[in-house]
Amino acid sequence: MEQICIRLVKLDILSTVRSLNRFHSVIRCCGPRQFHCRPSLFGSARTDLMRTNSSTSLKPRESDTVFPSSLRLRSSSGLNTYITAFRPPVYRVPLIIQPTREFHTSGRLRAIPAPLIWMVLKPLQKLMAIILGRSIRKWWLALPPNKKQLFREWTWRRRWHFVGAGAGLLFFFSLFLLTHLDESPITGRTRLLVFNRENFMELAQFTAEGYIEEFKDSLIAPSDPRHQAVEQVVRILAKRNQDIAEISSVPWTVHVVDGPTINAFVLPNGEVFVFTGMLEAVADIHQLAFILGHEMAHALIGHAAEQASLSHVVELFSLILLTAIWAICPRDSLAVLGQWIQGKLVQFLFDRPFSRKLEAEADQVGLQLAAKACADVRAGPVFWQQMEIYDQLRGEPTIPEWLSTHPSHQNRVRQLDRLVPEALELRASCDCPALPKADPRVVFHQAVKLLLDNNAKKQEMIAEEEKNEKPRAGVMLPLPQSPPVLTPGSQPQLGEVLATSALPQTLLSK
């Protein structure tokens with residue numbers, strides 16, 4: 001009987017200690033109400049409960065008699081909580097207390113940006129639309145004539161139901177568009193934004209890591225003078241435009257890639273990529289400031305998110321039309337042709353005109369950024385005139401503007417010429433030093449005209465010498481010097497461009 005009583009007491013003590021351990025762990029790991037436990041109280045309680053002896057005897061001692069286990073916990077709110085338990089006489093029992101487990105949090109997972117998910121699912125959506133349309137066509141062709149007639153009659157009887165359903169969908173779609181309208185920074189233009197700026201910041205980080213990995217063997221060291229020049233221009237542009245929140249909130253990082261491509265781009269997260277081909281194409285630091293201002297304008301306005309939003313809406317209507325094409329066309333070959341025509345119509349009626357509109361807006365905002373940075377904004381139109389000459393020297397065919405994603409060089413020059421007076425006023429209001437009286441546009445046209453006149457005179461002299469001089473037998477006459485032939489890998493400098501003899505007179509139409 002005595003042994004049974006002792007075992008009962010032992011079980012009671014074990015349950016008491018385990019309940020204290022559980023309560024202690026709950027208090028330590030609770031969320032909103034964080035209790036600050038007093039270790040000394042719990043330590044003294046555990047010390048009294050865990051007094052052990054090397055001997056395994058269960059003889060009671062007067063010193064180990066009951067104690068009133070009254071624990072006082074102080075919460076963060078200042079309230080006092082009392083836990084009182086009455087215990088029978090306690091005997092010296094060796095106890096093993098299991099340590100409480102701590103909570104371990106794993107590292108934060110990087111969520112895939114919504115635009116990236118949409119880009120991956122875009123081909124799958126087209127495939128599902130094709131399968132759905134083709135299935136509808138096969139189902140309709142497999143129906144007997146009487147069931148087709150019954151289906152037509154059933155559809156006609158419920159025509160108003162379909163009209164109401166279509167009107168409801170149109171209403172909710174219009175409501176969706178109205179709730180996703182946004183105002184463009186700087187220009188104040190109303191636009192549609194389905195994807196927000198934060199989503200594209202995450203996507204830009206993925207894209208920047210991919211570009212850095214791609215160009216890791218071609219990146220120029222920061223100590224290179226070309227890298228320092230680009231970094232200085234970007235730093236000045238960012239510093240002089242700190243009043244724009246989209247510029248001041250982004251850390252700008254410069255990457256110069258050693259490559260012949262005439263290109264530069266800026267990601268929404270401030271990663272600037274400039275190719276050395278662009279540095280060779282610009283004539284001075286003012287043109288470089290205009291180009292970098294143009295690319296930074298794309299990033300701060302959020303043209304990538306805006307273009308993806310419009311593409312997302314147009315793609316939704318395209319999927320409906322694509323399903324109808326594959327359902328109506330009697331053969332797959334006709335359906336493929338209809339799908340190709342639909343893609344070209346979407347491309348030439350929506351995508352490319354909208355891209356040209358964004359490029360023109362970036363030219364306008366980029367000119368303003370360069371003006372606030374005290375650059376000579378008159379050098380902006382000159383750059384596009386140089387690019388026109390460069391394209392003609394390379395023999396590239398002239399593409400109509402409505403087929404291109406960018407405005408033509410001539411239209412860009414005309415637009416920038418209209419914007420230069422306003423940009424000059426903005427520059428003067430920013431306490432910038434005075435510009436030289438010589439206009440770079442006038443100097444460029446005079447230089448081109450002078451070179452063309454000298455080249456025409458030389459050709460006339462050569463023609464007269466060939467006409468007047470009688471060739472001798474076995475003697476070859478010198479041929480007129482032909483313009484340099486540009487290979488795809490060669491990059492002419494501005495001096496080579498101006499010194500070429502085959503410049504057309506149409507460049508001087510201004």
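In strand S8, valine 274 is the bridge partner of alanine 264. Phenylalanine 265 is likewise bridged to phenylalanine 273 of S8. The model is predicted: local features need pLDDT of at least 70, side-chain atom pairs count only at pLDDT 80 or more, and totals for chains, interfaces and linings use all residues. Residues are numbered from 1 along each chain as its sequence is written, and side-chain values use heavy atoms, with hydrogens and water left out.

The chain comprises 16 helices and 8 strands. These elements are DSSP runs numbered from the N terminus, helices being H or I of at least four residues and strands E of at least two. Of the 510 residues, 35% count as buried. Buried means under 20% relative accessible area, exposed over 50%, and partly exposed in between, with a 1.4 Å probe and protein chains only. Contacts between residues at least 6 apart in sequence were also examined; 71% of them join residues at least 24 apart. Contact means heavy atoms within 4.5 Å.

Three strands build an open sheet of mixed pairing, in the order S6-S8-S7. Strands S6 (253-257) and S7 (264-266) are the edges, each with a single partner strand, so one side of each has no neighbour in the sheet. From one strand to the next, the twist averages 10 degrees. Pairing requires at least two bridges found by DSSP between two strands. S6 and S8 pair in the parallel sense over 5 bridges. Here threonine 253 stands opposite glutamate 271 of S8. S7 and S8 (residues 271-275) pair in the antiparallel sense over 3 bridges. Their hairpin has 4 residues between the strands, and glycine 270 takes a positive phi near 90 degrees.

S8 is largely enclosed by the rest of the structure, because 5 of its 5 residues are buried. Both of its faces are covered. Glu271, Phe273 and Phe275 lie on one side, with Val272 and Val274 on the other.

Pairing of S7 with S8 covers 3 bridges. Helix H6 (residues 197-214) touches S6, S7 and S8, and its direction makes about 35 degrees with that of S8. Helix H7 (residues 225-240) touches S6 and S8, at about 145 degrees to the direction of S6. Axes are lines fitted to C-alpha atoms, for helices over the stretch in contact, and angles run from 0 to 180 degrees between N-to-C directions.

H13 (residues 379-393) and H14 (residues 409-428) pack at an angle of about 170 degrees, with axes 8 Å apart. H13 is therefore roughly antiparallel to H14. Angles over 145 degrees count as roughly antiparallel, under 35 as roughly parallel, 65 to 115 as roughly perpendicular and the rest as oblique. Residues of H13 in the contact include Trp384, Met387 and Glu388, and those of H14 include Arg412, Leu416 and Asp417. By class, this contact has 6 nonpolar, 4 polar and 4 charged residues. Ala, Val, Leu, Ile, Met, Phe, Trp, Tyr, Cys and Pro count as nonpolar, Asp, Glu, Lys and Arg as charged, and the others, Gly among them, as polar.

Isoleucine 186, a residue other than glycine, has a positive phi near 70 degrees. Isoleucine 186 lies in the loop between S4 (181-183) and S5 (190-192), and counts as partly exposed at 39% relative accessibility. Aspartate 431, also not a glycine, has a positive phi of about 55 degrees. Aspartate 431 is exposed, with a relative accessible area of 72%.
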